[in-house]
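Q: Could you walk me through this structure, starting with how far the coordinates can be trusted?

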Amino acid sequence: MNTEYPFQAFISSASTALASRRSMLGALAAVPAMPALAQFRVEVSGVGLTQIPIALPAFRGEEGVSQKISEIVRADLERSGLFRNIPATGQALDETSRPDMAEWRQRGADALATGSVTRLTDGRYDVRFRLWDVVKAQDLGGQGFVVVQGDLRLVAHRIADFIYEKLTGEKGIFSTRIAYVTKAGKRYVLWVADADGENAQSALSSTEPIISPAWSPNGAELAYVSFEARKPVIYVHEVATGRRRLVANFRGSNSAPAWSPDGKTLAVTLTRDGLSQLYTISSHGGEPKRLTQSNGIDTEPAFSADGQTIFFVSDRGGSPQIYRVPVSGGSAQRVTFSGNYNISPAVSPDGRWLAYISRVGGAFKLHVMDLENGQLSAITDTSEDESPSFAPNSRLIVYATKQGGREALMTTTLDGKIKARLAGKGGEIREPDWGPYQKY
């Protein structure tokens with residue numbers, strides 16, 4: 001096997017298949033476990049003048065609460081790349097206050113969010129906030145929540161979503177979730193976490209590899225590949241209950257599940273008929289339908305936003321490149337032409353962007369392509385990037401990499417100007433996938 005191809009790990013013998021994409025991407029050594037970061041760090045460079053300056057004074061009463069609501073909201077908004085924080089120290093405001101708009105305009109704020117956190121007699125918390133348009137001196141509304149302590153972070157994310165939508169006209173993504181896999185020692189864990197990496201909960205733990213987690217379109221299930229049967233097998237896992245069902249356990253390798261937008265179908269990579277080829281199969285299992293017919297290795301499928309096309313990786317032309325094929329089958333079209341090693345396609349939910357990993361001079365870097373005109377951008381300065389996945393609003397990408405010698409979960413804006421290191425569990429961090437909007 002030519003170990004230069006990371007995706008061949010899925011279709012080789014059981015022993016080589018145990019290698020993850022990360023190990024195949026450069027035989028990276030495991031690093032010592034590191035604690036989860038208390039708050040992510042946002043790195044800003046080359047930012048233009050399009051950010052909205054917003055002030056977020058500390059919420060009244062939050063000093064005695066484990067989760068500082070205003071800080072979480074502030075960090076969410078900064079990470080989006082569309083907001084700039086205006087310092088608000090020394091201010092004592094809550095959702096009932098009538099702010100002095102002239103003072104906040106003088107400070108440079110275009111928007112202001114105030115609020116309070118009150119502990120109730122039954123142990124729950126009453127969280128309230130209000131948003132102001134400082135320029136127009138206009139009340140933009142607010143919300144109130146009564147929650148248990150464990151839901152305070154979720155409330156903060158929902159407040160950030162409200163502010164984001166009111167001020168940009170687009171739906172916020174801060175209360176969504178991500179999934180990723182860690183390897184620490186001989187144990188693999190599939191984690192489900194908040195979009196900032198915090199509040200990670202174990203969905204599955206195993207001494208055998210877990211790879212390729214993929215969120216269902218309704219956010220209730222995860223498809224993934226488990227090696228607990230000593231071979232790659234595809235499961236669909238109900239996140240809330242832990243129940244799961246076996247979807248693909250055919251002869252050879254079963255790998256790389258990708259959901260169709262309607263949630264009814266998975267595109268998968270199977271070797272049941274010989275070489276690694278693409279198939280579609282019901283998300284409840286059954287007989288798969290072969291999609292590609294090539295003499296090469298076809299893998300890593302990803303549905304287009306409209307469900308009519310599947311992007312995938314193939315070495316049919318001599319080196320791994322990204323192609324696309326109609327979901328009904330037919331001739332495949334090559335998509336990537338720059339460089340001789342392009343893998344891990346991810347299509348944005350709005351259908352405009354393709355993110356993928358390209359090897360450039362021995363480094364593996366995240367690239368973004370505008371599918372309308374083919375324009376390419378390399379948007380990271382790290383060299384061991386892997387597994388890009390778009391936020392549901394198509395404005396951010398989560399990916400795994402190494403930064404400063406440490407494993408890292410990162411998000412970036414599409415222009416690469418705003419990057420945030422998320423909280424993450426210790427060990428090798430692999431294959432993040434960003435879930436859809438949550439329903440309440």
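A: The protein chain has a mean pLDDT of 88, and 89% of its residues reach 70 or more, where pLDDT is the predictor's confidence in each residue, from 0 to 100. Over residues 1-40 the pLDDT is below 50, yet this stretch has 107 contacts in the model beyond near neighbours in sequence, a contact being heavy atoms within 4.5 Å.

Q: And what are the ground rules behind the numbers?
A: This is a predicted model, in which local features need pLDDT of at least 70 and side-chain atom pairs count only at pLDDT 80 or more, while totals for chains, interfaces and linings use all residues. Residues are numbered from 1 along each chain as its sequence is written, and side-chain values use heavy atoms, with hydrogens and water left out.

Q: OK, strand S7: how many of its eight residues are buried?
A: Six of the eight are buried in S7, which spans residues 177-184; buried means under 20% relative accessible area, exposed over 50%, and partly exposed in between, with a 1.4 Å probe and protein chains only. Strands (E, at least two residues) and helices (H or I, at least four) are DSSP runs, numbered from the N terminus.

Q: Which strands does S7 pair with?
A: S7 pairs in the antiparallel sense with S8 (residues 187-194) over eight bridges, and five bridges join S7 to S30 (residues 428-434), also antiparallel; pairing requires that DSSP finds at least two bridges between two strands. Arg177 has Asp194 in S8 as its bridge partner, whereas Val181 has Arg430 in S30.

Q: What sits between S7 and S8?
A: The two strands form a hairpin with two residues between them, and Gly185 in the turn has a positive phi of about 65 degrees.

Q: Switching topic, what is the strand order in the open sheet of four strands?
A: The order is S10-S11-S12-S13, with antiparallel pairing. S10 (210-215) and S13 (244-248) are the edge strands, each pairing on one side only. S12 (residues 233-238) is joined to S13 by four bridges, and His237 stands opposite Arg244 in S13.

Q: Last one: why does Arg79 count as buried?
A: Arg79 counts as buried because its relative accessibility is 1%. Arg79 lies in helix H3 (residues 69-80), and its side chain reaches the backbone oxygen of Ala195 at 3.4 Å.

Key: A polar contact is a pair of N or O atoms within 3.5 Å; within protein, one must be able to donate a hydrogen and the other to accept it, and residues adjacent in sequence count only if both atoms are side-chain atoms.
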